[in-house]
Amino acid sequence: MVFMGDRATLLETGRFVQTRSDEDADTADAETEARHRRAADNGDAESMSVLGSLLLRRGDLDSAEPYLRGATAEGDRAAANNLGVLLHQRGYTDEAAGWWRIAAVAGSAAAAHALGRHYRERGDEPAAEYWLRQSAEQGHALGAYALADLLEHRSDVGAERWLRAAAVQGHREAAYRLARLLDGRADGEASGEGPGDIAVEQAPDEEGASDEAEPWYRQAAARGHRRAALHLGAILEKRGELKEAGRWYLTSAKDGEAKAACALGFLLRDAGDEESAAVWWLRAAQDGDGNAANALGALHAARGEQQTAERWYRAAMSAGDVNGAYNLGLLCAAQNRTAQAEQWYRRAAYSGHREAANALAILLLQAGDATGAEPWFSKAAEAGSVDAAFNLGILFAGRDDDRTALKWYERAAAAGHTDAALQVGIALLRDGEEQAAERHLRCAAGGGSAEAAFRLASLLDARQPPPGPPVLGEPLGEKTECEEWYERAAQQGHRRAQVRVGMLAAARNDLEAAARWYGEAAEAGSRNGAFNLGLLLAREGREREAALWWTRAAHAGHGRAALRLALLAARHGELSEGQRWCARAVELGPAEVAERAARLREALHQELTA
């Protein structure tokens, strides 16, 4: 028996100028089937093959089988392949394999693919590889994909080549898996490896996504692959193309991908549409997505609906998301249910949740159990918790173990922890290492620490030559870098910085700015601010207002302010009042102020007793 070349399993219908209606198409298909049936009944092998294929696709196996057998007897290899498919559907796998072998030997790529799949199901991988390779090398997309899957399963080389071959021919799963393979390689290269608040996640992590992977994700997504659409959406979101990302998330979510529904929810929430976000989170959570359940929990907690929040956090935990236990701990802690918070923190911490371990340690430390807190801080810090590393620094500093404290501060600072960078800077300043201290203070100040900005400004200030006396009529000088840092700290409410900014402004003849900063410091409780504001007002002849600020400063313990009030009272002839303020200045100091106040008090006494 000589087998002829493959024929199309369905006849071409030609090209029409206009699209046919469904009714016209059905009529044409019926006419085509009737024509092939007449020819097949008259013994035409090609029509028997085509008619058998049509009936097989329709599921009419009983009618299809005699036509396929007849065409096979005439040497039609497409019919032999389709007969194998029919027998396989009926459960006659060995007989099906026999017909597939006949068709495959005759050059049928589809039959070679089917035969390779048959052998793989039987566990005969060498035979499977042989036939799948025959199919793949003939350009059969399904054969290439199945061969790639087999090679990948065995960790053999060549899987990427055949995935790519199948993807190029439009195989959507091959395109998706090729994209994942390329992503994995990019991620490995980024990490140096070879190939091979409320805790919620917002989207699949595409940190290592390669540029080469994206078009394959796009190809698979365009062909309806929901996981590819999810990953494509994540890539686009990371790149800031939120509108297109949302479209792909929506496509994936509508196809039933819970992670896409969850990611779409976060995208909508960030756009301000919380209600729509909740709808998609609910859909994802009901499909078992723990991230979405956590997001719903956080949403209800923010609304004060604690019971509903707790229910969703428990749902997240039931879905296998350890963040659910951590979030339950946060919820209980916010309600002062300390025992329950500790229970949930422990559950999450034992599952490897580093922030839960840190939170548990803080809870134990607040309860006075520093010994119990330390190992949890250590566990969290070793797992990468920056806050835990900083907290360990605080713990060891409290034990006067400055060396160990500095080690943990440095670790946290290296990861960008602002307060840790400040502590490292302070330690280095204490040791006289100004250059290194300045680097850390700059990092902390840049991260928003007012204290770091003040200390950095003080460091830079100490390096500047003292300014000369202001000259009337001289234009305002430019702000120095140290003044800019003082001002940044002052704007955040740092009282000492506010006073220093006022002093520098005064030195530049900017008396309006000086008065404003002194006033802000004084209102915040700074006695130096109040004293300096009084000096500024007195210089302008506004002694009554000056006295009010000096009085506030003196009551807060400022000796110089008390002395100024004594001098003011003496000048106005209020000798007893002057004596009272002298006594206060002597009490407050410093030494030179106390000495001047004592002399003034004695002079006032002599004046009163004269």
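This is a predicted model: local features need pLDDT of at least 70, side-chain atom pairs count only at pLDDT 80 or more; totals for chains, interfaces and linings use all residues.
Let's start with a charge and a ring: the charged end of R399 sits over the ring of F396, 5.3 Å from its centre.

Searching the whole structure turns up seven aromatic pairs. Here are two of them, including Y176 with Y217.

| Pair | Arrangement | Centre to centre | Angle between planes |
|---|---|---|---|
| Y176 and Y217 | tilted | 6.2 Å | 55 degrees |
| Y350 and W376 | edge-to-face | 5.2 Å | 80 degrees |

Y176 and Y217 are both buried. Y350 belongs to helix α19 (residues 338-350) and W376 to helix α21 (residues 370-382), so their pairing ties together parts that lie 26 residues apart in sequence.

Now for a look at one helix, α32. It covers residues 559-571, and with 13 residues at 1.5 Å a residue it should span 18 Å; the end C-alpha atoms are 19 Å apart, which agrees. Which residues of α32 are buried? They are G559, A561, A562, L563, L565, A566, L568 and A569. And what do these buried residues of α32 pack against? Their partners are α30 (527-539), α31 (543-555), α33 (575-588) and α34 (591-609). After α32 comes G573, which has a positive phi, near 80 degrees.

Conventions
Residues are numbered from 1 along each chain as its sequence is written. Side-chain values use heavy atoms; hydrogens and water are left out. Rings of Phe, Tyr and Trp (its six-membered ring) pair if their centres lie within 6.5 Å; planes under 30 degrees apart count as stacked, over 60 as edge-to-face and the rest as tilted. Buried means under 20% relative accessible area, exposed over 50%, partly exposed in between (1.4 Å probe, protein chains only). Helices (H or I, at least four residues) and strands (E, at least two) are DSSP runs, numbered from the N terminus. A charge sits over a ring if NZ of Lys or CZ of Arg is within 6 Å of the ring centre and within 35 degrees of the ring normal. The expected span of a helix is 1.5 Å times one less than its number of residues. Contact means heavy atoms within 4.5 Å.
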